[in-house]
Structure formats: C-alpha cells, structure tokens
Amino acid sequence: MSAVILKPDQQNRPPVAVCSSCRGEIWHDEPIFKWDGKWICLDCFRDKVKALLEDDPVLLAYEMQLEVVRYV
C-alpha cells in the first residue's frame, strides 16, 4: 500500500493581512498596495484611484509619473 500525501485545504488557511482602510481580510496571492504609508486591499485601492481621478486628475498623473503641460 502506498502512502497518500494530503495537501492542506486552502480554505482553512488564515488571511495573510488585514486592509488598513476597510479592515477586510487579504488572502494569499491577492495584491496589496501601500497608500500613504498603509497597506490596503485591491478594492480600496480602486476606490482611492477613482476618487483621485474625479477630484484631482493632475495629481493622479503626477503620481503615475506622467508629464503634464498647462498652457497659460
């Protein structure tokens, strides 16, 4: 009889981190982002980028290291 090696159930693994913004669980293989010195989840990152795009697209462009020109 041969031995059977069982892998741990992935659903039983604990989260690897907690989002600093929404306090949601962050799981293995999910991206996280450092925003203002705090680690946030993908959903919160999207929300912050969308808000910045709406409120101050020039600042967002600078953060993305894009060149911005203003003709006056």
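Author: Arg23 is exposed, because its relative accessible area is 57%, where exposed means over 50%, buried under 20% and partly exposed in between, with a 1.4 Å probe and protein chains only. Arg23 sits in the loop between β1 (17-18) and β2 (25-26). Although Arg23 is not a glycine, its phi is positive, at about 70°. Most residues other than glycine have a negative phi.

This is a predicted model, in which local features need pLDDT of at least 70 and side-chain atom pairs count only at pLDDT 80 or more, while totals for chains, interfaces and linings use all residues. Residues are numbered from 1 along each chain as its sequence is written, and side-chain values use heavy atoms, with hydrogens and water left out.

A positive phi is also found at Asp29, at about 75°, and Asp29 is not a glycine. Asp29 belongs to the loop between β2 and β3 (32-35). With 71% relative accessibility, Asp29 is counted as exposed.

The order of elements from the N terminus is β-β-β-β-α-α, giving 2 helices and 4 strands. These are DSSP runs numbered from the N terminus, with helices (H or I) of at least four residues and strands (E) of at least two.

Leaving aside residues up to four places away in sequence, Cys19 touches Gly24, Ile26, Trp39, Ile40, Cys41 and Cys44; contact means heavy atoms within 4.5 Å. In the chain as a whole, 11% of the 72 residues count as buried.

The overall dimensions complete the picture. The chain has a radius of gyration of 20 Å, whereas a compact globule of 72 residues would have one near 11 Å; the radius is taken over C-alpha atoms, and the globule rule is 2.2 Å times the number of residues to the power 0.38. Along the principal axes, the C-alpha atoms fill a box of roughly 80 × 25 × 20 Å. Among contacts with a separation of 6 or more, 4% join residues 24 or more positions apart.

Glu54 lies in helix α1 (residues 42-55) and is exposed, at 68% relative accessibility. Its C-alpha atom is separated by 55 Å from that of Val4, 50 residues apart along the chain.
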